[in-house]
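Let us walk through a protein model together. Keep the structure in view and find each part as it comes up.

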Amino acid sequence: LQKLSDIIDDTNSKKHSGKHKVSKPQSLSNSDLLKKAIKTFRSGQYEKAFDMFQTLDIKNFKRATANFYLGECSYYLKKYEDAIVYFKKSAGLYDKATYMPTLMLHTALSFKKTGDIQNASRFLNAVIENYPNTKQAEIAKKN
């Protein structure tokens, strides 16, 4: 993971501005906001969900999860360079999360979409090696 993290650092130091609009404060508890944000994400409302997850990150609540979903929202909004940054941050905060196979696969596919085939290949191979019996590994093999 450290090698993959270094790759992302090198790639994104040149590309990512890291700027997004900050959402308005929420009146829900952090736990309820997380539940609402996940529900909003699953309904395909990625921009709205992004704002909620960004609020959670700012509030330092479940930051690894919030950054994973910030990456997922960015990924589905086709903001691949941003997605890579959020995925890296999430993995750096908690690399044992159950969503790691998806995080690594979507990092690989984001690199592929940005034209960085070498790093995409490294992440695809890491998914296959580290999570061999998952649907993410099957997708990685096809890519």
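Predicted model: local features only at pLDDT ≥ 70, side-chain atom pairs only at ≥ 80, totals over all residues.

Residues are numbered from 1 along each chain as its sequence is written, and side-chain values use heavy atoms, with hydrogens and water left out.

Start at helix 3, residues 46–58. Helices here are DSSP runs of H or I with at least four residues, numbered from the N terminus. Helix 3 has 13 residues and reaches 18 Å from its first C-alpha to its last. That is close to the 18 Å expected at 1.5 Å a residue; the expected span is 1.5 Å times one less than the number of residues.

Which residues of helix 3 are buried? Among them are A49, F50, M52, F53 and L56. Buried means under 20% relative accessible area, with a 1.4 Å probe and protein chains only. The buried residues of helix 3 pack against helix 2 (30–42), helix 4 (63–76) and helix 5 (80–93). Just after helix 3, N60 takes a positive phi of about 60°.

Now move to helix 4, where N67 lies. N67 counts as buried because its relative accessible area is 0%. Contact means heavy atoms within 4.5 Å. Leaving aside neighbours within four places in sequence, N67 is in contact with residues including D57, Y86 and S90.

S90 is found in helix 5. S90 is buried too, because its relative accessibility is 0%. Beyond its neighbours within four places in sequence, S90 is in contact with A64, N67, F68, Y99 and L103.

Definitions and conventions:
Helix = DSSP H or I, 4+ residues; strand = E, 2+ residues; numbered from the N terminus. Buried < 20%, exposed > 50% of the residue type's maximum accessible area, 1.4 Å probe, protein only.
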